[in-house]
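Trainee: I would like to go through the terms used for this model and see what each one rests on. Please set each value against its cut-off.

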Amino acid sequence: MSEEKLVGIVLVSHSAEVAASVAELAKGLAGGATAVPVAPAGGVEGGGLGTSAELVSAAAASVDRGAGVAVLTDLGSAVLTVKALLAEGDELPDGTRLVDAPFVEGAVAAVVTAAAGGDLDAVEAAAAEAYGYRKV
């Protein structure tokens with residue numbers, strides 16, 4: 001397994017702190033997963049709550065290793081921002097995919113799967129499976 005071929009993961013939140021914390025949590029629970037390229041894209045330029053297309057694009061470019069980029073989002077307008085970027089066609093790296101998954105649990109599953117060398121389909125499936133995680 002070569003580091004260059006790992007799936008990149010972008011975590012898009014309305015809050016820079018939430019995105020960064022979920023990235024740290026996911027990597028920590030994946031045994032450090034230092035090889036997995038994970039980037040938070042939270043808030044807007046200059047701070048504050050919201051979603052920034054520019055921050056999402058920059059984060060996706062920073063984690064692209066040629067194996068695809070999985071993007072997980074927290075709330076509605078984050079989803080719309082990523083969908084708009086995907087529709088434009090040239091704002092995100094080839095092989096970027098919006099993943100329908102719970103934000104925290106999905107991020108952990110995505111990072112664990114990417115760390116194990118899973119391809120983009122496997123990363124997406126693992127993250128989506130997190131919808132079924134029962135707590136009681």
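Trainee: What makes α4 and α5 count as meeting, and which residues are involved?

Mentor: G106, A109, A110, T113 and A114 in α4 meet A122, V123, A126 and A127 in α5. Contact means heavy atoms within 4.5 Å. The model is predicted, so local features need pLDDT of at least 70 and side-chain atom pairs count only at pLDDT 80 or more, while totals for chains, interfaces and linings use all residues. Residues are numbered from 1 along each chain as its sequence is written, and side-chain values use heavy atoms, with hydrogens and water left out.

Trainee: Why are α4 and α5 called roughly antiparallel?

Mentor: Their axes cross at roughly 150° and come within 7 Å. Axes are lines fitted to C-alpha atoms, for helices over the stretch in contact, and angles run from 0 to 180 degrees between N-to-C directions. Angles under 35 degrees count as roughly parallel, over 145 as roughly antiparallel, 65 to 115 as roughly perpendicular and the rest as oblique. α4 and α5 are therefore roughly antiparallel to each other.

Trainee: Why is G106 called buried?

Mentor: Buried means under 20% relative accessible area, exposed over 50%, partly exposed in between (1.4 Å probe, protein chains only). G106 has a relative accessible area of 0%, so G106 is buried. Leaving aside neighbours within four places in sequence, G106 is in contact with L72, A101, A127 and A130.

Trainee: What covers the buried residues of α4?

Mentor: The cover includes β1 (8-13), α1 (16-29), β2 (38-42), β3 (69-73) and α5 (120-129). Among the buried residues of α4 are F103, V108 and V111.

Trainee: What makes a set of residues a nonpolar core?

Mentor: It is a set of buried Ala, Val, Leu, Ile, Met, Phe, Trp, Tyr and Cys residues joined through side-chain atoms within 4.5 Å. The largest one here has 22 residues, and those with the most contacts inside it include I9, V36 and L72. α4 gives the most to this core, with six residues. Apart from it lies another core, of 14 residues, among them A41 and V69.

Methods
Helices (H or I, at least four residues) and strands (E, at least two) are DSSP runs, numbered from the N terminus.
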